Amino acid sequence: MNRQRFIALMVAALLAIAGALYLSTQRNLPRDPHGMALWPTLSSELNSVSALTVRKGAAAPVTVHKQGEQWTVAERADYPADVPKLKKLLLALSDAKIREEKTSNPDSYAIIGVEDPSQPGAAGTQIELTAQNGKHALIVGKSAGEGSFVRRAGEKTSYVVEPGISVEAEPRYWIDTRLLDIPTDKIQRIESKPATGAAFSVHRVAASQPKPTDNKTGDPSTAAAAANPSAANPAAADKFVLDGVPSGRQAADSQTLAPSPAHFSNLTVEDVVPAGDIDFSKPSTVTVTLADGSAITFTGAVIGDKRWVKVAAPKDAMLSAKANGRAFEMASYRYDGIFRPLDLLLAPKPPPPPPSGGKKPAPAPKP
């Protein structure tokens, strides 16, 4: 081997050794994760997510899963789930970016709430997603400014991610709280049968039609309005009448008797359970009859500090499918507005006459 070839080989060997040392050094350098996606593949898997399970402490897990084309809550007998809330959480998980790396020491996990969430008293919440490519699990800990402490399940390193991730761990917070919507201008009659006391009802009486007046302007719309002042809003001029007024009492005014939109419009619920779990042996019932002849019956029961309602709507297939066999917890003000006691529909009692005191009335003055 000549000298020139030997030198070339030595240079090549030194370059190879230097390259290997450089790669080894780079491999061992700590990487800065700032700005990296928490779950890099989740955005491409969002449409394939089929289940979400939330677990915290010793409580039973909550599972929101897809049944056919509908999302339901397993722990609520597959009652329809709050899909907007689910989508909001999935997007938050997909958008979450790592702000900084935190502890990898298991002894410090509890400080930031990323310890094993199955432990009693654990502060963190585990979120598990089932998607097309498998399962993803994340432990969400305490808040960190505008972000959250998190740790991917099975990994030691914890992070602060932004934006913050908020998740509920009780089944009641995952149901679709919308139950029904009864337009008050469609209500014709409300029949009430309280658990104790006599039955009564309120019904709508259409406004009387005044005689047409002269229309000097020649405007057809003016003539129509004069002939029927309630044409723009026919129900607005209607009155409500109370049936079943007790002897010696008078009904309240029509405005008081009229059903309130706050009670029947956009009716929401707090929770849902199988109807058999609630004691309806001494119920109050209210039947609302609408302009099209359909009727919705509410059966109510007060159990402790909670108000429970069953709903029957024979002519509404969608509502029946949602309500049959179920009891709904309702906010007190909603329940009290539907099951109004008769006393609230009566005019106040007149004050008793003042005692005469045995005095004779003064004689009338002479003219």
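In the predicted model, Ile190 has Val288 as its bridge partner in E16. This contact belongs to the pairing of E11 with strand E16 (residues 284-290), which is antiparallel and extends over six bridges. Ile190 also stands opposite Val202 in E12. The pairing of E11 with E12 is likewise described by an antiparallel sense, here over four bridges. E11 and E12 form a hairpin in which six residues separate the two strands, and Gly197 in the turn adopts a positive phi of about 100°.

These strands are part of an open sheet of eight strands, arranged in the order E13-E12-E11-E16-E17-E18-E19-E15 with antiparallel pairing. Strand E13 (239-243) and strand E15 (271-274) are the edge strands, each of which pairs on one side only. From one strand to the next, the twist averages 25°. Strands of a sheet pair through backbone hydrogen bonds, in either a parallel or an antiparallel manner.

A search of the whole structure returned one cavity of 30 Å³ or more. The space in the largest cavity amounts to about 80 Å³. Its lining consists of Ile190, Ser192, Phe200, Ser201, Val202, Pro259, Ser260, Phe264, Gly337, Ile338, Arg340 and Leu345. Two or more residues of this lining are given by each of strand E11 (187-193), strand E12 (200-205) and helix H9 (332-338). E12 gives the most to the lining of the largest cavity, namely three residues.

The search of the whole structure for aromatic pairs found three. In one of them, the rings of Tyr79 and Phe328 have centres 5.8 Å apart and planes at 65°, so this pair is edge-to-face. Because Tyr79 lies in strand E4 (residues 79-80) and Phe328 in strand E19 (residues 326-330), the pair ties together parts that are 249 residues apart in sequence. Tyr79 and Phe328 are both buried. Phe264 and Phe298 likewise form an edge-to-face aromatic pair, with 6.4 Å centre to centre and 65° between the planes. Phe264 lies in helix H7 (residues 261-264) and Phe298 in strand E17 (residues 295-303), so that the pair ties together parts 34 residues apart in sequence. Phe264 is buried, its relative accessible area being 2%. Phe298 is also buried, with a relative accessible area of 0%.

The charged end of Lys310 is placed over the ring of Phe280, at 4.8 Å from the ring centre. For Arg172, the charged end sits over the ring of Tyr173, 6.0 Å from the centre of that ring.

Strand E7 (residues 134-144) pairs with E8 in the antiparallel sense, over five bridges, and Val140 stands opposite Val150 in E8. The hairpin of E7 and E8 has two residues between the strands, and Gly145 in this hairpin takes a positive phi near 65°. E8 is also joined by four bridges to strand E9 (residues 158-162), again with the strands running antiparallel. In this pairing, the bridge partner of Ser148 in E9 is Val161. E8 and E9 form a hairpin with five residues between them, in whose turn Gly154 has a positive phi of about 90°.

Definitions and conventions: Residues numbered from 1 in each chain as written. Predicted model: local features only at pLDDT ≥ 70, side-chain atom pairs only at ≥ 80, totals over all residues. Heavy atoms only, no water. Phe/Tyr/Trp six-rings, centres within 6.5 Å; stacked < 30°, edge-to-face > 60°. Buried < 20%, exposed > 50% of the residue type's maximum accessible area, 1.4 Å probe, protein only. Lys NZ or Arg CZ within 6 Å of the ring centre and 35° of its normal. Pairing = 2+ DSSP bridges. Axes fitted to C-alpha atoms, helices over the stretch in contact; angles between N-to-C directions. 1 Å grid on protein atoms, 1.4 Å probe; cavity = no way out; pocket = protein on both sides within 12 Å on 5 of 7 lines; lining within 4 Å. Points joined across faces, edges and corners; volume = space filled by probe spheres on them.
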